[in-house]
Amino acid sequence: MDSIASFTIEFRIYTPEGELKIIKCTIESTFNTEDKVMILQGVDQDVTAQKIFERELVKHERLKAIGEMSSSIAHDFNNSLQAMVGNMEVIKLQKELSDSTQIGLQNIESIISDIAGRVVALQKFGNIAYADSSVELIDFNELIENSLKQTRPLWKDKKEKEGWSITIQSDFKEIPRIRCNRGELKAAVYNLIKNSIEAMPEGGNLSIKTGVKKAGIFATFTDSGVGMTEVNKEKVFEPFFSTKGFELGRGLGMSGAYRIINRHQGDIRVLSSEVGKGTTFEIIFPFVKQEVAQPMVINQSKSNDSLNVLWVDDDLIITKLVDTLVKSIGHKITVANSGKMGLKHLESNPCDIVFTDLGMPEMNGWELIDAIRKKFGDAIKIIVVTGWEVEESVKKEKGIDIVLQKPFSLEMLKKVFSNI
Ligand code: ADP
Ligand code: MG
């Protein structure tokens, strides 16, 4: 009897136009009773699109997992930092601290503020600290020009000193404004330019173009540098992928740029790259549909009489600290270690302001806020105290008056009271 065996192989080909295609070949052999191949048939299938899609999916999932992990680390750090700041503020409330204690406290404060800055960067990587209020309409051409000026020491001064020269060509078309967070996008563009320069250790040319096409507003960055292999092209947006050694912080430039641009509903990709010839990256942003609300302006001049405060947080160290801090500002405070206890207190006691944590067992902060708004309308001010940044739209929808970012200082707490 005849028997059939089949197997598949995958290979890459280049079309005469130089385009890479991934081909899946399925081969089926039919053997006769003497084990001789009688029929050999094969089907070639172009699976390029499917492979690209799968790869994108894996990349997306991987970045998402790293993002979630960094968010949860950031969250825990924030709580610990809050406890540290709170304790320091309590120590500072004591009169007659010695000079050396005061200097020590100042040093610790500056270290904490350093760590808090890093935590914000972690959160940003985790996609959490992205608030609508920090988004504005900006001129992309101007932002690129600006980044070029900022990177000038890298492509001009340093290169000339080394005896090489890098020329920059720019071809900026008139483009509509894009909706983004200026600081974040600048960091992404800065990294693109820096990478291009690093790819041209012996000088070369960087050409930057902007314009409009069907998909949106684009910018391309073309360098005449070392280029990338096929494998590197696939890995370029992976966190910690670097061909430049093992220094700390290496390999986060392009993965960071990828996340930032994606967060703005944009896209970044390697348009082309060839070893020894150079690389072109392309960024595309969607056209803006609606104007952006102006960021909230904080009024700092109001003062209040003594207020009744309820502070809800499941962390006993934090409630103990805020009890001292709020009293030091001259307000009355009751603390509750769960949403349920807080709500019970509100039913039989007057209250002007509720401060609440978000992540709590049983009844979480969001449920508590809903319950307060349902029972008391907007008679009570609600301040959310959290390490996460809460989006403007969520704030509005839930009726949150102010978001107090952890870790907060006594000064920030005072500001909240003068703003309500
Ligand atoms: P780093 O620059 O710290 O290595 P990045 O995330 O910025 O990390 O870039 C990752 C890697 O991608 C680089 O190490 C390099 O191999 C490659 N790469 C990025 N941009 C370019 C470019 N313009 N030309 C060639 N290779 C590049
Ligand atoms: Mg880099």
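Let me start at Phe408, which sits in the loop that runs between strand 15 (402-405) and helix 12 (410-419). A word of caution before going on: this is a predicted model.

Is Phe408 buried or exposed? Phe408 has a relative accessible area of 2%, and buried means under 20%, so Phe408 is buried. What is Phe408 in contact with, if we leave aside its neighbours within four places in sequence? The partners are Gln82, Val85, Trp311, Val322, Val385 and Leu413.

Take Gln82 from that list. Gln82 belongs to helix 1, residues 48-93. Its relative accessibility is 3%, so Gln82 counts as buried too. Again leaving aside neighbours within four places in sequence, Gln82 is in contact with Ile318, Lys406, Pro407 and Phe408.

Two of those partners deserve a remark. Lys406 and Pro407 are joined by a cis peptide bond, with omega at about -5°. Pro407 lies in the loop between strand 15 and helix 12, and that loop also holds Phe408.

Now the overall layout. The domain assignment divides the protein chain into domain 1 (3-46), domain 2 (136-285) and domain 3 (300-418). Between the centres of domain 1 and domain 2, taken over C-alpha atoms, there are 41 Å. For another distance, the C-alpha atoms of Phe408 and Ala257 are 29 Å apart, and these two residues are separated by 151 residues along the chain.

Next, the largest nonpolar core. It has 36 residues, and the ones that touch the most other members are Phe140, Leu185 and Phe221. Which elements give two or more residues to this core? They are helix 3 (140-150), strand 6 (178-180), helix 5 (182-198), strand 7 (204-213), strand 8 (216-223), helix 7 (253-263), strand 9 (267-274) and strand 10 (278-285). Helix 5 supplies the largest share, six residues.

Leu185 shows what the packing looks like at one position. Beyond its neighbours within four places in sequence, Leu185 is in contact with Ile138, Phe140, Leu143, Ile178, Cys180, Ile260, Ile261 and Phe285.

On to ligand 1. There are 19 residues around ligand 1, and Asn195, Ser242, Thr243, Lys244 and Met254 come nearest. Asn195 has a polar side-chain atom 2.8 Å from an oxygen atom of ligand 1. For Asp223, an N or O atom of the side chain is 2.8 Å from a nitrogen atom of ligand 1. Lys244 places a polar side-chain atom 2.7 Å from an oxygen atom of ligand 1.

How much of ligand 1 does the protein bury? Ligand 1 taken alone exposes 530 Å², and the protein buries 95% of that. Helix 5, helix 7 and strand 10 are the elements that give two or more residues to the shell around ligand 1. Helix 5 gives the most, with three residues.

I will finish with two backbone details. Glu96 has phi near 55°, a positive value in a residue other than glycine. Glu96 is placed in the loop between helix 1 and helix 2 (99-125), and at 81% relative accessibility Glu96 counts as exposed. Gln265 also has a positive phi, near 60°, and is likewise not a glycine. Gln265 is in the loop between helix 7 and strand 9, and with a relative accessibility of 59% Gln265 counts as exposed.

Conventions. Residues numbered from 1 in each chain as written. Chains lettered and ligands numbered in written order. Predicted model: local features only at pLDDT ≥ 70, side-chain atom pairs only at ≥ 80, totals over all residues. Heavy atoms only, no water. Domains from an automatic or database assignment. Core = buried A, V, L, I, M, F, W, Y, C linked by side-chain atoms within 4.5 Å. Buried < 20%, exposed > 50% of the residue type's maximum accessible area, 1.4 Å probe, protein only. Helix = DSSP H or I, 4+ residues; strand = E, 2+ residues; numbered from the N terminus. Contact = heavy atoms within 4.5 Å. Near = heavy atom within 4 Å. Polar contact = N/O pair within 3.5 Å; in protein donor to acceptor, adjacent residues only side chain to side chain. Areas by Shrake-Rupley, 256 points an atom, 1.4 Å probe, with all protein chains shown as cover.
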